[in-house]
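The following note sets out points for a colleague who has the coordinates at hand. It moves from the chain contacts to the elements within individual chains.

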Amino acid sequence: MFKVENMSLHYGEKMALDNINIEIKEKEVTAFIGPSGCGKSSFLRSLNRMNDLIEEAKIEGIVKLKGENIYDKKYDVIDLRTKVGMVFQSPNPFPMSIFENVVYGPKRQGVRNKKTLREIAEKALKQAALWEEVSSRLNESAMKLSGGQQQRLCIARTLAMEPEVILMDEPTSALDPIATQKIEDLIRELKNDYTIIIVTHNMQQAARISDKTAFFYMGELIEFDKTTKIFNKPKYDQTEKYITGRFG
Amino acid sequence: MVLRKWLELAIEELKKDVNKMATLVIKNITDSLKAFEENNLEEALEIKKRDVEVDKLEDEISKKVLEIIWKEQPLASDLRLVTGIYKLITDLERIGDHATDIANITIKTAELDHQRLIPITTQMATIAKEMVLNSVDAFFTFDVSLAEKTIKKDDEVDALFDKVTNLAIAEFKEEEIDAEFGVYLLFVAKYIERIADHATNICEWLIYIVSGKHREVSLI
Amino acid sequence: MRKVKKRQVIDLSLKIITYLASFISVIILGAILIFVFSNGSKLLSFKILTTDYNSKPYRLKTTKDVEGLSFTNPNITDAYFSEDFGFAVKDDYTLEGTETIRFVYIDENSPLKTSVNEQGDNEPFKVDFIFDSTMRAVYKDGSTTTIFSKDGAKNVVDTLNGAIKIEAANVKFEGGGIRGSIITTLYLIGLTLLIGLPFGVLTALYLHEIAPQNKITNLLRSFIDMLTGIPSIIFGLMGAAFFIPFTSLLFNNPDMKRGSVIAGALTLVVIILPVVIKATESALSVVPKSYKEGSLALGATKTQTTFKIMLPNALPGILSGAILSIGRIIGESAALIFAMGTFIGDNITITGRSTSLAVHIWSVMGGEIPNINLASTIAIVILIVVLILNISVKLITNSFMKKYK
C-alpha cells in the first residue's frame, strides 16, 4: 500500500526523520513504536500530509501510495486525505450532533441527498461498533458521549469517507481500559477491510493487535518485522532494550 | 538508574532458586549412585528427604515465574528466560525423581546380596552426571556451544544403555546372573538413561532462551 | 507567633482596602445612575420617544362656522371644554418643560377640523397642538377678540364662547421629541454593523488563517491594536475630511456636503473595525486546534474548514465584538459631530442629516440654557437601548451555542 524510499523530514534546521525506507502492506495492522520524540508520529503524519500544516516542515524522498508519489506537485492533497484517514490521540469530535459529525466528510465532498447521508452514517456507525449506543439519539450533541464513545465516533467519521488506510496516532492513550479494549477489538475487526497504521506507546497493545511492528529511534527506522519476531527475538540490541524496557 | 529494577531483582531471585534446586539435585544423583554401590540405607533415606525439598522448590519457582508474567509482562529475552526456566525446572525435578528412584531401589535391594554397578553402568553414570552438571553450567553462563555438545553426549548414553540391555538379556538367557539383581540393575541403568535425557532437555531449553528456537517449539 | 500575627494583619488590611475600594466604586456608579434617573424620569414618557424634535408652527383659520351644534363634553380632568367649537384645552407644559396650553380633545365634527393654513391647504387642528402665542376669535357681528395664551386655557374657552370662527391661530405641533434621534441611532448601529462586521471578520480571518505568520503580519496586528487607542475625535476629522466629500460624490448629492447619516456610519465603521478584528481573532485563536486538524484530516479544504468549523465556533467572540461595537457607536459623539453634523432631524434618511442620541445630548446641553433634565432623559433612553441590545445579542449567542453544543 505504502512504499517509502529514502524519506527525510526536517523542521527547519532540526532533523526529525532520517532516511526512512519501509513498505507497508495492505489490510494489515502495522504498529509504530519507539520512545518519545523518536519521529514515529511525525512519520505517521507524513503519510497523509498533515505535516503540510507546519510551515517549517520539509520533506525529501518519495512516499508512494499505491505507486503514486503523494508529495508530487500534481497530487491532490484533499483527495489523499479522503483515501488516508486519521484518528487522533485525544478524541476530537466537532461541537455538533452525532449525525453531523459522521457525515461531515461526505458533506464536504458534495453529498447532499438526505437519504444517502443517513445510509452512510448508519453504515459507518455500525462499522465502528457505535450504532447500537447512539441510533436513538443521532441528533444529540456529540460532546455528551463518553471518551471511548467519542473516539469511536471519530473512527466512524473517518470510516464514512470509505478510506483505504486509517492512521491512528495513540488512539487509546486518553481512554480508560475498557474503552481501550473496545477500540482494540474494533481495530482487529477493521483490519479485514482496511490498512491500519497505529502509533502506540503501549508495548502490550502493539503486541496484541499488530501484524507488523516498526521500531523508531531518534528519527531512524531501526527495525521493521513481523510482530512475533520483534517481541520474541528482535534482531537489534536497541530494539531488544526498548521492548524490555531497559531504556525509555 | 536501572530501569525495570524489580524485574531484574525477580529474575535474580529465580536464578538463585534454580541454583539451589540444581545443587540439591546434583547432590542427590551423586549420593544415590554411591548409596546403591555401598548399600547405604541411611543415605538413601536422606536422599528421599532432600527430594521433598526439590519438589517444593519446583513449586515455588513455578509460582514466581507466573507472578513475573502477570506482573511485569516480560517481553523478548526476559520472556524467553522466564518461560525457559519454567520448562527446565520440570526436567530438573524429574532428574531429582530419578535419583530418588535409584535410592528407592537401594532400599528395596537392601537384603540382596550383590550390588554393584557393572562397568558399563558406571560409565553411563559418569557421563550422565557430567551432562547434568554441564547443562546447569550452560544455563548459568548462557553457553550455547556447551549445551549443544552436551546434547550430543546423549547418544553415547543411549548406546551404552542398549549395550547394558543386550548384556542383561544375554546373561538372563544364559542364566548367568541372579534375576532379581539383574532386573534391578536394569532399572538403575534405565533411570540413569532418563537422567541423561532430561539433562538434554535442559540444554534444549537453554538454547531456546538464547535463540528463541526450540526443537519442538519455534516462536519465530 | 509574631510571623503569624504579621501575616494576619497584612491579610486583614488588604481585605479592608479591597472592600473599601469596591464600596466606593459601587457608590460612585450608583450615584451616577441615581442622578440620571432622578433628573430624567420626570420627562420620560411614551410621547417624547415618538415625537419629532422640530416643532411645526401653523397659522390656521377655520373654514366652517359654528352651527349651533352642541358637542358633548368628554370631561377630561383639568381641561376646559368649548361647547360651541367642540374642543378641550388645558394648561400644560411642553416636553421641554415650558408653560403652554395644549389641545387635549377635538371632536370629529368640530369646525377646528376644517381649518386651513395660510396657503389654503387643509391643515386640521390635532390633539397635542400647543398654543403659546395668539389667535383671533370672530363673532357673528364681525367683531374680533385676540386671545393670548398667557391668559390661560380657561380664558381661551371663555373668549370663544359665542364666536363663530377662529382666525390667525398661531398653534404648533410641538416638537422636542427624540424620535428622530432614536431612529438615527438605530440606523447608525444597523449600517455600521452591516458594513463593519463583515469587513472586520474577514480581515481577522485573513490575519489568523491565511496570512503567513511572519513579522509583517505581526506588525499589521500591532498596528490594528494601536488603532483602538486613537481618540475618536481624530476619526471624526477623517470623517469630515474624507467620508463627507466621498459620500457626497457617491450619491451625487451636494446637500451631503454638510454631513449625512451614511458618512457618520462609515466613520463609525473605521472606529469599530479594530474592535471587531481583535474580538474575532481572539475568538479564532481559542477554537481548539484539534477541530481544524480533524476537519482537514477528513479531506475538507482549508476554506471549508474556515467557514464550517472555525467561524461558527468563533461566533461567541464575534458577537461580543458586536456588543462592544454597539457600545462604541451609541457612545460616540465627537466623531459624529464632525461627520454627521448637529442638525436634529425628523425625517431620517441615509443621505440626510440628523443626530444620534449622544449628539442630541450634546446639542441640548450646548445651547444657552443647558437642559439637564432632557439630557438625563435621553441618557436613560440610551441605557435602555444598550440593555436591550446586549440582552438580545446574549440570547442570540445562547441559541447558537445550544445549536452546536
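1. Two residues are taken to be in contact if their C-beta atoms, placed from the backbone, lie within 7 Å. On that basis chain B and chain C do not touch, and their nearest C-alpha atoms are 34 Å apart. The model is a predicted one, and the points below should be read accordingly.

2. Two pairs of chains touch, and the pair with the most contacts is that of chains A and C. In this interface 21 residues of chain A are in contact with 15 residues of chain C. On the chain A side, the elements that give two or more residues are helix 2 (77-83), strand 6 (84-87) and helix 3 (98-108) of chain A.

3. Within chain B, attention may be drawn to one helix pair. Helix 3 (residues 76-108) of chain B packs with helix 6 (residues 179-211) of chain B at an angle of about 170°, and their axes are 9 Å apart. Because angles over 145 degrees count as roughly antiparallel, helix 3 of chain B is roughly antiparallel to helix 6 of chain B. The contact of these two helices of chain B has 17 nonpolar, four polar and six charged residues.

4. Chain C has twelve helices and nine strands. The C-alpha trace of chain C spans about 95 × 70 × 40 Å along its principal axes.

5. Of its 405 residues, 38% count as buried. Among the contacts in chain C with a separation of 6 or more, 74% are accounted for by residues 24 or more positions apart.

6. Strand 4 of chain C deserves a separate look. Strand 3 (residues 87-93) of chain C and strand 4 (residues 99-106) of chain C pair in the antiparallel sense over seven bridges. C:Lys90 has C:Arg102, in strand 4 of chain C, as its bridge partner. Strand 4 of chain C is also joined by two bridges to strand 5 (residues 129-131) of chain C, and these two strands run antiparallel. Here C:Ile101 has C:Phe131, in strand 5 of chain C, as its bridge partner.

Definitions and conventions
Residues numbered from 1 in each chain as written. Chains lettered and ligands numbered in written order. Predicted model: local features only at pLDDT ≥ 70, side-chain atom pairs only at ≥ 80, totals over all residues. Helix = DSSP H or I, 4+ residues; strand = E, 2+ residues; numbered from the N terminus. Axes fitted to C-alpha atoms, helices over the stretch in contact; angles between N-to-C directions. Parallel < 35°, antiparallel > 145°, perpendicular 65-115°, else oblique. Nonpolar A, V, L, I, M, F, W, Y, C, P; charged D, E, K, R; others polar. Pairing = 2+ DSSP bridges. Buried ≥ 20, exposed ≤ 12 C-beta atoms within 10 Å, placed from the backbone.
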